[in-house]
Amino acid sequence: MTPAVATAPPATAAPVQGLLPWLLIAAAWTPYLPLGCQYFAYLLCGLLALRSLHRAGHLHAVAADPVFKAAALLWGWLALSSAWSSAPASALASHLWTYSLMLWVAPIALACHAATGRRALGHFVVASCLLALLVTLNAAGALPAGWTWRPFVDVSGNQRIAFSLQLALGAALALHLGMQQRDRRAWWVAAAGLCLVGLALQDRRTGMLAAPVLLAALSLAHLRRGWQRALLLMLIAVAAVAAWHWVPTVQQRFAEGLGELQAYHSDGDVTTSWGMRARMFEVTMRMAAEHPIAGHGVGSWVSQWRPRVAGSAALEINTTPHNEYLLLLVQGGLVAWAAALLLVLRAARGVARRGKAGVPALLLLTALCWAGLFNVVLRDAKFALPLLLLSALAWGAGGADGRCATRTMAPPRHPSDPAA
């Protein structure tokens with residue numbers, strides 16, 4: 001049966017539908033741009049996606065999407081928890097706004113043509129390669145100190161951590177594309193290698209830990225025989241250990257972290273990175289135990305945390321526990337955990353149904369779940385915006401061409417596209 005979307009849309013919708021695929025491809029470059037650019041691209045993609053779905057008569061597909069309903073359930077519970085939260089109105093609005101960003105994933109994915117999603121992910125890999133090249137040149141002392149584009153390599157804090165995670169994703173996606181496009185396999189493998197070099201030189205532990213996990217997920221998804229999976233997993237483990245022992249930046253960063261944990265004590269002040277994370281885990285778990293079912297309410301972590309660490313300036317300045325699961329447990333209790341688990345299970349089920357086409361979505365789901373152990377990936381826009389945008393593109397890439405998106409939304413296919 002010919003789907004309804006095959007019918008030509010009204011003339012007034014054509015400019016928007018023609019713009020969306022190119023906007024999605026352009027948005028794939030924004031994860032390495034300033035936060036304002038990411039916000040603009042993500043929200044504009046979402047609005048145009050809703051407009052296109054409405055013109056195609058598929059707007060109902062958003063509300064019917066299982067993953068969207070699970071995300072809406074989680075957000076709705078957090079919104080309800082504001083009724084008993086001790087957070088000020090500004091904190092409530094900030095938290096609910098940032099958590100609402102996950103609701104845009106479904107409309108963007110449904111409006112994203114599969115060919116557009118695949119091309120957009122390829123563009124993200126190229127953007128990751130350019131960042132890795134800049135990081136490599138900077139490590140070699142080849143970048144002048146006063147050049148205007150040094151912010152790409154001089155970023156700090158959570159932005160730098162997010163970049164490391166994105167470089168790990170870029171490497172895994174490049175290898176996946178290499179397995180899909182045999183005629184360009186050497187280029188994609190080289191791109192993955194460049195991303196891994198940039199990741200090692202960029203020296204953030206989040207990406208270094210995520211890289212072997214993502215590569216393991218990739219190998220399990222692509223290989224069918226048990227001995228092949230075991231062999232590749234062993235090679236990944238050997239490579240990770242080799243990098244730990246022989247790459248100076250990797251060795252120094254993990255030696256520093258292990259030393260901080262060994263020197264940590266539950267009593268007294270703490271100023272080290274991993275020491276503070278250990279203290280956050282201890283204190284936050286005690287906070288969660290006070291209201292285990294419904295939590296303290298959205299945005300309440302800061303108001304609950306600071307009285308418990310009063311007197312320690314290094315601890316008081318923290319605004320999150322650097323762990324998405326701890327944050328959800330404190331703010332929304334076990335109910336929020338159950339909603340988040342439902343969201344992950346529905347996403348995993350959707351990935352499994354897509355087969356090899358769902359591998360990019362699997363990588364993004366793995367990155368979100370893994371990075372949530374060390375960062376607040378949904379609460380912090382520096383993580384949420386790039387990861388959610390890439391998740392939407394990955395879900396779109398794994399769908400059937402023309403199934404949800406309008407026919408006119410698909411740009412001309414590139415000869416290298418495996419679906420061409």
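Over which residues does pLDDT stay under 50, and how many contacts beyond four places in sequence does the model have for them? The stretch is residues 1–16, and the model gives it 18 such contacts. Keep in mind that this is a predicted model.

Let me stay with confidence for a moment. Now the chain overall. Its mean pLDDT is 83. Of its residues, 80% reach 70 or more. Helix H4, residues 66–80, has the highest confidence, at a mean of 96. Helix H13, residues 248–262, has the lowest, at 60.

On to the helix packing. Two packed helices are described by the angle between their axes and the distance between the axes.

Start with H17 and H18. H17 covers residues 324–354, and H18 covers residues 359–371. Their axes come within 12 Å and cross at roughly 165°. Angles over 145 degrees count as roughly antiparallel, so H17 and H18 are roughly antiparallel to each other. The crossing of H17 past H18 is left-handed. Who makes the contact? From H17, Tyr 325, Val 344, Ala 347, Ala 348 and Val 351. From H18, Ala 361, Leu 362, Leu 365, Leu 368 and Cys 369. By class, that contact has 10 nonpolar residues, no polar ones and no charged ones.

His 322 sits in the loop between helix H16, residues 313–316, and H17. Most residues other than glycine have a negative phi. His 322 has a positive phi, near 60°.

The partner is H11, residues 205–222. The axes of H11 and H18 are 10 Å apart, at an angle of about 145°. H11 passes H18 in a right-handed crossing. On the H11 side, the contact uses Leu 209, Ala 210, Val 213, Leu 214, Ala 217, Leu 218, Ala 221 and His 222. On the H18 side, it uses Val 359, Leu 362, Leu 363, Thr 366, Ala 367 and Trp 370. The class count is 12 nonpolar, 2 polar and no charged. Note Leu 362 of H18. It is in the contact with H17, and it is in the contact with H11.

H19 is residues 381–397. The axes of H7 and H19 are 7 Å apart, and the angle is about 135°. That makes H7 oblique to H19. Their crossing is left-handed. H7 brings Ala 114, Gly 117, Arg 118, Ala 120, Leu 121 and Phe 124. H19 brings Leu 390, Leu 393, Ala 394, Gly 396 and Ala 397. Here the classes are 8 nonpolar, 2 polar and 1 charged.

Phe 124 takes us to the aromatic rings. The count comes to 6 aromatic pairs. One of them is Tyr 32 with Phe 124, and it is stacked. The ring centres are 5.9 Å apart, with 5° between the planes. Where are the two residues? Tyr 32 lies in the loop between H1 and H2, and Phe 124 lies in H7, so the pair ties together parts that are 92 residues apart in sequence. Phe 124 is also one of the H7 residues in the contact with H19.

Conventions
Residues are numbered from 1 along each chain as its sequence is written. This is a predicted model: local features need pLDDT of at least 70, side-chain atom pairs count only at pLDDT 80 or more; totals for chains, interfaces and linings use all residues. Side-chain values use heavy atoms; hydrogens and water are left out. Axes are lines fitted to C-alpha atoms, for helices over the stretch in contact, and angles run from 0 to 180 degrees between N-to-C directions. Helices (H or I, at least four residues) and strands (E, at least two) are DSSP runs, numbered from the N terminus. Angles under 35 degrees count as roughly parallel, over 145 as roughly antiparallel, 65 to 115 as roughly perpendicular and the rest as oblique. A crossing is left-handed if the near helix is turned anticlockwise from the far one by less than a right angle, and right-handed if clockwise. Contact means heavy atoms within 4.5 Å. Ala, Val, Leu, Ile, Met, Phe, Trp, Tyr, Cys and Pro count as nonpolar, Asp, Glu, Lys and Arg as charged, and the others, Gly among them, as polar. pLDDT is the predictor's confidence in each residue, from 0 to 100. Rings of Phe, Tyr and Trp (its six-membered ring) pair if their centres lie within 6.5 Å; planes under 30 degrees apart count as stacked, over 60 as edge-to-face and the rest as tilted.
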